[in-house]
Amino acid sequence: MSAIIFLFFCLVPPPLLFVLVPMRVSFPQWKNALVATALLPVWDLLWFSIFRRVYRGEYTNVWYAACTWVLLGTSLSMPRPESTEEAAIAGAVFGLVVWGTFNGSYASITPTWTLPKVVLDVVWGCIVSVSLSVFLYAL
């Protein structure tokens, strides 16, 4: 089942979206990377406070989380969309690939990480990525 989830979330949609919406990508814009890195922990605190029961028993290491926020924030600053729609698509693809890869991998090694948790977490990743990508475009 985990292999199917991985294939669905990671391999099928992103190539199709990139064929439909070509976009420039370059080195990180450091101002945007810093803004995104600062906002990601805020989003995560909000998410984990609302869905605390879903993640009960999951261990969180703040140092690993901080490293992840820096990588995610830097990566979100690399697309160069030319419209709000392109920014939203770039964010959706990014969220789908990143959270889909994590959740597919995590579900394959953690029996308690079930399909509803995978779907919920990937949807959350897409929401975060789309909102940050559009926000960064507007800056």
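Predicted model: local features only at pLDDT ≥ 70, side-chain atom pairs only at ≥ 80, totals over all residues.
Colleague: Happy to start with the helices. How are two packed helices described?

Modeller: Two packed helices are described by the angle between their axes and by the distance between those axes. Here, helix α3 (residues 30-50) packs with helix α6 (residues 115-138) at an angle of about 145°, and their axes are 11 Å apart. The crossing of α3 past α6 is right-handed.

Colleague: Which residues make the contact?

Modeller: On the α3 side they are N32, V35, A36, L39, L40, W43, D44 and W47, and α6 brings L120, D121, W124, V128, S131, L132, F135 and L136. Sorted by class, this contact of α3 with α6 has twelve nonpolar, two polar and two charged residues.

Colleague: And α3 itself, how many residues does it have, and what span does it reach?

Modeller: α3 has 21 residues and reaches 31 Å from its first C-alpha to its last, close to the 30 Å expected at 1.5 Å a residue.

Colleague: Which residues of α3 are buried, and what do they pack against?

Modeller: The buried ones are N32, A33, A36, T37, L40, P41, D44 and W47. They pack against α4 and α6.

Colleague: Let's take T74 next. Where is it, and why does it count as buried?

Modeller: T74 lies in helix α4 (residues 62-76). Buried means under 20% relative accessible area, and T74 counts as buried because its relative accessibility is 17%.

Colleague: Which residues is T74 in contact with, leaving aside neighbours within four places in sequence?

Modeller: With those set aside, T74 touches P28, W30, A33 and T37. Of these, A33 and T37 are also among the buried residues of α3.

Definitions and conventions:
Residues numbered from 1 in each chain as written. Heavy atoms only, no water. Axes fitted to C-alpha atoms, helices over the stretch in contact; angles between N-to-C directions. Helix = DSSP H or I, 4+ residues; strand = E, 2+ residues; numbered from the N terminus. Left-handed = near helix turned anticlockwise from the far one by under 90°. Contact = heavy atoms within 4.5 Å. Nonpolar A, V, L, I, M, F, W, Y, C, P; charged D, E, K, R; others polar. Buried < 20%, exposed > 50% of the residue type's maximum accessible area, 1.4 Å probe, protein only. Expected span 1.5 Å × (residues − 1).
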